[in-house]
Amino acid sequence: MTVPSERVYPSSASSSSLVAKECEADGKGLTPRESIDESRFEAGFCEFHGWFTAGIKSTDGTGSRWFSGCPRCLAETKIKKLFGQSMIPKRFADKNFEGYEATEKGQYQALKSCLDFAQELKTDWFSGKTLLLIGTPGTGKTHLACAVGHEAIKQGRTVLYTTITRLLEDIKSSWNDKDRSVKNIIARYVSVDLLILDEIGAFTGISEREKDYLFEVINARYEQMKPMIAVSNLRLSGADSIEAYLEERSFDRLCEQARLVVFGWESFRRKSLC
Ligand SMILES: Nc1ncnc2c1ncn2[C@@H]1O[C@H](COP(=O)(O)OP(=O)(O)OP(=O)(O)O)[C@@H](O)[C@H]1O
Ligand SMILES: [Mg+2]
Ligand SMILES: [Zn+2]
């Protein structure tokens, strides 16, 4: 289906009216046409969403109308675009809160913490909160991180999912590329409304320079009080931990106003094994 964008139609041949007339007999009763104030607005018809307020009648005497298209189709198109830009992997494209099975207390608490985090973002986006999801493989950390991401996208927010490995590769790819600077790549990770940083610790042998890049991203988001979700199999602190991996300066910033969830049950991936 083609979604009408902002267009101006001459009053004598309003396409929305024509569509409306054609579809009148076929009205699926989704939005009653009578609810549209036709003295001020024009009725449009969407084959998916029924009647909608299509345009505002001009008052400037030119006889032109501003035609906006079906608002629900436009919203859906925006969500699809935001999802495409989010880089959420295909496997997690439809992972949401409803699809997360909570059969034990820990899973229930994990689900609730992530739901609460998503809810808090709705009311106050720039409160500088971080969600720290740590624990053993296959327990649903990435699933719930992406579920929060989907909720943010539904609110019209820009989301970017990445693993540490991909982020560093992205930055390093600019070293020999005259069209892309490190500064611009880092700016992309800072500018999005929500950053999901997965697999912290999976990239071994991280150099001092790479730690500096990570610090730049984390610190800039910290300064701007932009939310982040950090995901890892590592422990929080001590030997072989997120603190040791990222170093104190980055780790410390992630901890301020953080909601920590520890995942420690059997891998869901192995459930299908008989
Ligand atoms: N409680 C659950 N309910 C439904 N599906 C689950 C649950 N836990 C995990 N899964 C599913 O199991 C698979 C593995 O989960 P996920 O990738 O989120 O684990 P993870 O904790 O991120 O693992 P890793 O640390 O290895 O990256 C995914 O397909 C996910 O949707
Ligand atoms: Mg994962
Ligand atoms: Zn529509």
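1. Basis of the note. In this predicted model, local features need pLDDT of at least 70, side-chain atom pairs count only at pLDDT 80 or more, and totals for chains, interfaces and linings use all residues. Residues are numbered from 1 along each chain as its sequence is written, while chains are lettered from A and ligands numbered from 1 in the order in which they are written.

2. Overall composition. The protein chain holds nine helices and nine strands; helices (H or I, at least four residues) and strands (E, at least two) are DSSP runs, numbered from the N terminus. Of its 274 residues, 31% are buried. A residue is buried if 20 or more other C-beta atoms lie within 10 Å of its own, exposed if 12 or fewer, and partly exposed in between, with C-beta atoms placed from the backbone. Among contacts with a separation of 6 or more, 73% join residues 24 or more positions apart; two residues are in contact if their C-beta atoms, placed from the backbone, lie within 7 Å.

3. Helix α3. The 19 residues of α3 (residues 105-123) should span 27 Å at 1.5 Å a residue, and the end C-alpha atoms are 27 Å apart, which agrees. The expected span is 1.5 Å times one less than the number of residues in the helix. Buried in α3 are Ala 110, Cys 114, Phe 117, Ala 118 and Leu 121. They cover an arc of only 95° around the axis, which puts them on the same side of α3; the arc is that of the directions from the helix axis to the C-beta atoms. An α-helix has 3.6 residues a turn, so residues three or four places apart point the same way. The other side of α3 carries the exposed residues Lys 105, Asp 116, Gln 119, Lys 122 and Thr 123. The packing partners of the buried residues of α3 are β5 (130-135), α4 (141-154) and β9 (258-263).

4. Lys 112. This residue of α3 counts as partly exposed, with 13 C-beta neighbours inside 10 Å. Lys 112 and Phe 97 are 15 residues apart in sequence, and their C-alpha atoms are 9.3 Å apart in space.

5. Strand β5. Six of the six residues of β5 are buried, so the strand is largely enclosed by the rest of the structure. Thr 130, Leu 132 and Ile 134 point one way, whereas Leu 131, Leu 133 and Gly 135 point the other way. β5 pairs with β8 (residues 228-232) in the parallel sense over five bridges, and Ile 134 stands opposite Ser 232 in β8. β5 also runs parallel to β9, to which six bridges join it; here Gly 135 stands opposite Phe 263. Two strands pair if DSSP finds at least two bridges between them.

6. Ligand 1. The shell around ligand 1 has 16 residues, of which the closest are Pro 137, Gly 140, Thr 142, His 143 and Phe 268. A residue is near a molecule if its C-beta atom, placed from the backbone, lies within 6 Å of it. α4 gives the most to this shell, with three residues. The shell divides into four nonpolar, eight polar and four charged residues. Ala, Val, Leu, Ile, Met, Phe, Trp, Tyr, Cys and Pro count as nonpolar, Asp, Glu, Lys and Arg as charged, and the others, Gly among them, as polar.

7. Helix α7. At 1.5 Å a residue, the 16 residues of α7 (residues 208-223) should span 22 Å; the end C-alpha atoms are 22 Å apart, in agreement. Tyr 213, Leu 214, Val 217, Ile 218 and Arg 221 are the buried residues of α7. They cover an arc of only 120° around the axis, which puts them on the same side of α7. Glu 208, Arg 209, Asp 212 and Glu 223 are exposed on the face turned away from that buried side. The cover over the buried residues of α7 includes β7 (194-200) and β8.

8. Leu 195. This residue of β7 is buried, with 25 other C-beta atoms within 10 Å. Beyond its neighbours within four places in sequence, Leu 195 is in contact with Leu 160, Tyr 189, Arg 221 and Met 228.

9. Positive phi values. Most residues other than glycine have a negative phi. Met 87 has a positive phi, near 65°, and is found in the loop between α2 (71-86) and α3. Asp 240, with a positive phi of about 50°, is in the loop between β8 and α8 and counts as exposed, with 10 C-beta neighbours inside 10 Å.
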